[in-house]
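Here are my notes on the model you sent over.

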Amino acid sequence: MPAGVPIAIAGLSKSFGAVNAVNALSFTVEPGQVTGFLGPNGAGKTTTLRILLGLVAPTSGTATIGGAAYRDLERPLVTVGAALEAASFHPGRSARDHLAIYALAAGLDQARVDIVLDQVGLADYARRRVGGFSLGMRQRLGLAFALLGDPGVLVLDEPVNGLDPEGIRWIRSFLRQLAGEGRTVLVSSHLLSEVQQSVDTVVIISHGSLVYQGGLLELETGSRVLVDAPDRAALSAALRLEGLDVQRGHGGLLVAGRTAQEVGAIAQHAGVPLSLLTVEQGGLEDAFLELVSEKGAP
Amino acid sequence: MSFVSALRAELLKLTTTRLWWVLLLVLVGYVAFVSGVLGAVFGGLGEKLAAAGGTVPTIPKSSLHLVVYSIASSIGYVFPVLLGALATTSEFRHQTLTPTFLATPRRGTVLGAKLIVLGIFGAVYGVAALVASVGLGGGILAATGTSADFASADTWLLIARVILAMALWAVIGVGLGVLVPSQVAAIVIVLAFTQFIEPILRLVSSFWDWTSGIGQFLPGAASDALVGSSIFTVMGTGSGPVAVLEWWQGGLVLLGLAILAAAIGYLTSWRRDVT
């Protein structure tokens, strides 16, 4: 396996006619961790990834892998493996033949075909025609294609789509394992909840522009704490005394700007026993949605 | 190195779906049927019919075997075109251009490999169609007492040129496929042009000398010129000799057509964003 190298997107723009799909986008993706690439549908994720892979020409800016554009890579499939959203299979061809074609084209050892089929759990279906595959099996075959060259960089577009719960759990641990081996792993999704358990850091875009890059924990500080006590009035008074913004929430009080631990400490200090103390359900998702809608107007 | 890899990959692509052998079977069946009927009618039955007082078109005995053998390309040429066009348009239709260009980012290499592999397959189609036309048609000619003439160099020259023509037609199919990436549109164009538009144009152009000079450049006419014999030229309107290109000129017309289509297709659809 070649070493994982960083992905660098710099000042990238792409317009399709009058539509600006990607707008002056810049971010980097480091090796050894799983980076989530998030944004609502139509935010420009797939376009960005396709530019990175040399399939779409950018209007301006650059997208490089280890400093080189995809088309200039000496051995592209060995440097970076990609699984893109669209199902790119001939339905009449077997899974094995599908992979064998691209292994040949990239000058890879044909033994890799069976290795990757086994890795994604499709060994028993290798000789079946892809036309009969379920969406989950197609996702696995797409992933097998990405792994074909045992690349140091993996770019996966919506890999969780169509997987059953078992498959989702499998891919989460698989991504962690790949990053643990020192690879660069970039995973796109339109749902934060899909990837939040498996990513170390996130890049969030909306309307083709970057809105956030960093860790999930930092993103979460913007979320609120739900707290309640049998004596709710006393709790409210104690919190307001600390100068906190307290609002009536569903089944308790919502406190912004402090962690659950800090809110608990305030209550204990005031001698108010708590009946509930938790980070607001969906707080991360809310923070995400807030971020991507802030840039609502293009 | 990388071009050889691309060639091998394109070859594997073509042989791992059912398309190539399904089209090949239909080609062989069609050519065997037509050349068999032609051999029977003009070789044996025709004389008996004429003797019985009927009117039948005649083909000179000396060239009948060449006309029967050339059925392989004169009616069979649509199959290598379809093969090339379908193999190319299926890459667009099933979005296999994505993994293809990921494995081989140099798109010109992919197209070059595809043109060559399809050219080889067109030649294979030519051989198979000749087995049908020479095997069945020639067999019937021999059985009805007309010379099958395997001793003459002309026969073997014709066979070689049929193979060349079929190879060029498959390459034209690839060019058409890149030029018209919509699979349905490509099929409609191939069938409408080869089965309807061109036969009519050839017939109409043979009415006058000046149109005949243009008509000889129609792809089907050029193909028949390359092969050197065809049921269509022999059965021309009879108002005079129809203008026919030299065999090598016919070959150049086909080659030029293939290169032109592939080049324009490369500059338009092949280099376009793959989304």
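1. Start with a helix pair in chain A: α3 (residues 95-105) and α4 (residues 111-119) pack with their axes 9 Å apart, at an angle of about 130°. Axes here are lines fitted to C-alpha atoms, for helices over the stretch in contact, and angles run from 0 to 180 degrees between N-to-C directions. That makes α3(A) and α4(A) oblique to each other (under 35 degrees would be roughly parallel, over 145 roughly antiparallel, 65 to 115 roughly perpendicular, and the rest is oblique). The crossing of α3(A) and α4(A) is right-handed, that is, the near helix is turned clockwise from the far one by less than a right angle.

2. Who touches whom there? On the α3(A) side look for A:A95, A:R96, A:L99, A:A100 and A:A103, which meet A:R112, A:V113, A:V116 and A:L117 of α4(A). Contact means C-beta atoms, placed from the backbone, within 7 Å. The residues of this contact split into 7 nonpolar, no polar and 2 charged. For the classes, Ala, Val, Leu, Ile, Met, Phe, Trp, Tyr, Cys and Pro count as nonpolar, Asp, Glu, Lys and Arg as charged, and the others, Gly among them, as polar.

3. Some ground rules. This is a predicted model, where local features need pLDDT of at least 70 and side-chain atom pairs count only at pLDDT 80 or more, while totals for chains, interfaces and linings use all residues. Residues are numbered from 1 along each chain as its sequence is written, and chains are lettered from A and ligands numbered from 1 in the order in which they are written.

4. Chain A overall has 11 helices and 13 strands; these are DSSP runs numbered from the N terminus, helices being H or I of at least four residues and strands E of at least two. Of its 298 residues, 43% are buried (20 or more other C-beta atoms within 10 Å of a residue's own; exposed is 12 or fewer, partly exposed in between, with C-beta atoms placed from the backbone).

5. Now the open sheet in chain A: 4 strands in the order β11-β12-β10-β13, with antiparallel pairing. Pairing takes at least two DSSP bridges between two strands. The edges are β11 (246-249) and β13 (276-279) of chain A, each pairing on one side only, and the twist averages 25° from one strand to the next. Helix α9 (residues 232-241) of chain A packs on this sheet, touching β10, β11 and β12, and its direction makes about 10° with that of β12(A). Helix α10 (residues 260-270) of chain A lies across β10, β12 and β13, running at about 160° to β13(A).

6. A:D150, between α5 (135-147) and β6 (153-157) of chain A, has a positive phi of about 50° without being a glycine. A:E158, in the loop between β6 and α6 (165-180) of chain A, also has a positive phi, near 50°. Most residues other than glycine have a negative phi. A:D150 counts as partly exposed because it has 17 C-beta neighbours inside 10 Å, whereas A:E158 is buried, with 23.

7. Finally, the interface: 23 residues of chain B are in contact with 28 residues of chain A. On the chain B side, α1(B) gives the largest share, 6 residues. That side divides into 9 nonpolar, 10 polar and 4 charged. A:R71 has B:P105 among its contacts.

How values were computed
Two residues are in contact if their C-beta atoms, placed from the backbone, lie within 7 Å. Lists of a residue's contacts leave out its neighbours within four places in sequence.
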